[in-house]
Amino acid sequence: MKSKTLALLAGCALFAVSCGTTNTYPVLSKSNTQTGGTAKFTQKGDEVIMKLAVTNLTPGIHAVHIHEKGDCSAADGTSTGGHWNPAKDDHGKWGAEHFHMGDIGNLTADGSGNAMLTFKTSKWCLGCTDASKNIIGKGMIIHAAADDFHTQPTGNAGGRVGCVEIK
Ligand SMILES: [Cu+2]
Ligand SMILES: [Zn+2]
């Protein structure tokens with residue numbers, strides 16, 4: 001084995017997350033819908049890449065947020081609490097002056113109700129010790145309506161049709 005490979009393997013053993021940890025979770029249907037799909041989170045270096053594939057949505061725009069609790073038990077998804085907001089900022093559009101750490105934004109479902117969203121950020125981590133970055137233990141919600149990026153503190157995104165427990 002080449003020494004370069006050995007060094008890389010040693011690095012992986014010491015910093016497991018930096019070599020690409022992927023967690024895949026199901027999208028659970030809420031509020032009497034048939035919403036389904038998968039949410040895949042990969043930690044690569046200091047970035048988390050989320051690949052979200054959702055099925056059986058109503059065609060059109062739907063808000064997606066990370067909410068504060070990884071508990072999808074309530075039939076209407078309210079058990080996930082409000083938007084994950086460790087910085088105590090205002091709700092808004094990701095990357096704007098004010099936004100929550102969970103303000104992913106909107107996705108668009110096609111005429112068959114399918115939607116895909118890829119999201120990448122170094123502001124999150126998978127299981128690190130920084131509570132202001134760690135998304136493990138949080139919930140992700142797909143809403144019935146679009147996020148208007150203005151209404152406080154929810155973006156006026158309507159009911160909760162899909163839920164993910166990020167465990
Ligand atoms: Cu939400
Ligand atoms: Zn928000």
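1. Start with a definition. Two cysteines count as a disulfide when their sulfur atoms lie within 2.5 Å of each other. Cys 125 and Cys 128 meet that test, with an S to S distance of 1.9 Å. Keep in mind that the model is predicted.

2. The handedness of this bridge can be read from its torsion. The angle about the S-S bond of Cys 125 and Cys 128 is about -75°, so the disulfide is left-handed. Its two ends differ in cover. Cys 125 is buried, at 4% relative accessibility. Cys 128 is partly exposed, with a relative accessible area of 30%.

3. How many disulfides does the structure hold? There are 2. The link of Cys 72 and Cys 163 is left-handed, with -80° about the S-S bond. Cys 72 sits in the loop between β5 and β6, while Cys 163 belongs to strand β9, so this pair ties together parts that are 91 residues apart in sequence. Cys 72 counts as buried, at 3% relative accessibility. Cys 163 is buried too, at 0%.

4. Now the overall build. The protein has 1 helix and 9 strands. Along the sequence the pattern reads α-β-β-β-β-β-β-β-β-β. There are 167 residues, and 40% of them count as buried. The accessible surface comes to about 8500 Å². Carbon and sulfur atoms hold 55% of that surface.

5. Contacts also deserve a look.

6. Next, the zinc ion (ligand 2). Which residues are its protein donors? They are His 83, His 91 and His 100, each through ND1, and Asp 103 through OD. These donors lie 2.0 to 2.1 Å from the zinc ion. The angles among the 4 donor atoms run from 99 to 121°, and the site is tetrahedral. For that label, all angles must lie between 85 and 135 degrees.

7. The zinc donors follow the spacing H-x7-H-x8-H-x2-D in sequence. His 83 and His 100 are both placed in the loop between β5 (60-67) and β6 (103-109), so the pair ties together parts that are 17 residues apart in sequence. His 83 is buried, with a relative accessible area of 9%. His 100 is also buried, at 4% relative accessibility.

8. The copper ion (ligand 1) has its own set of protein donors. These are His 65 through ND1, His 67 through NE2 and His 143 through NE2. They lie 2.0 Å from the copper ion. Their spacing in sequence is H-x1-H-x75-H. Are His 65 and His 67 buried or exposed? Both His 65 and His 67 are buried. When you judge this site, remember that water is not among the atoms, so sites may look incomplete.

9. Most residues other than glycine have a negative phi, and most peptide bonds are trans. Ser 31 is not a glycine, yet its phi is positive, at about 55°. Ser 31 is in the loop between β2 (28-29) and β3 (36-44). With 29% relative accessibility, Ser 31 counts as partly exposed.

10. Asn 56 also has a positive phi, about 60°, although it is not a glycine. Look for Asn 56 in the loop between β4 (47-55) and β5. Asn 56 is partly exposed, with a relative accessible area of 47%.

11. Last, a peptide bond. The bond that joins Gln 152 and Pro 153 is cis, with omega about -5°. Where is Pro 153 placed? Pro 153 is in the loop between β8 (139-143) and β9 (160-165).

Terms used: Residues are numbered from 1 along each chain as its sequence is written. Chains are lettered from A and ligands numbered from 1 in the order in which they are written. This is a predicted model: local features need pLDDT of at least 70, side-chain atom pairs count only at pLDDT 80 or more; totals for chains, interfaces and linings use all residues. Side-chain values use heavy atoms; hydrogens and water are left out. Donors are N, O and S atoms within 2.8 Å of the metal (3.2 Å for Na, K and Ca); water is not among the atoms, so sites may look incomplete. Four donors count as tetrahedral if all angles lie between 85 and 135 degrees; four count as square planar and six as octahedral if opposite donors are over 155 degrees apart and all others between 65 and 115; anything else is irregular. Helices (H or I, at least four residues) and strands (E, at least two) are DSSP runs, numbered from the N terminus. Buried means under 20% relative accessible area, exposed over 50%, partly exposed in between (1.4 Å probe, protein chains only). Accessible areas come from the Shrake-Rupley method with a 1.4 Å probe; for residues, only the protein chains shown count as cover.
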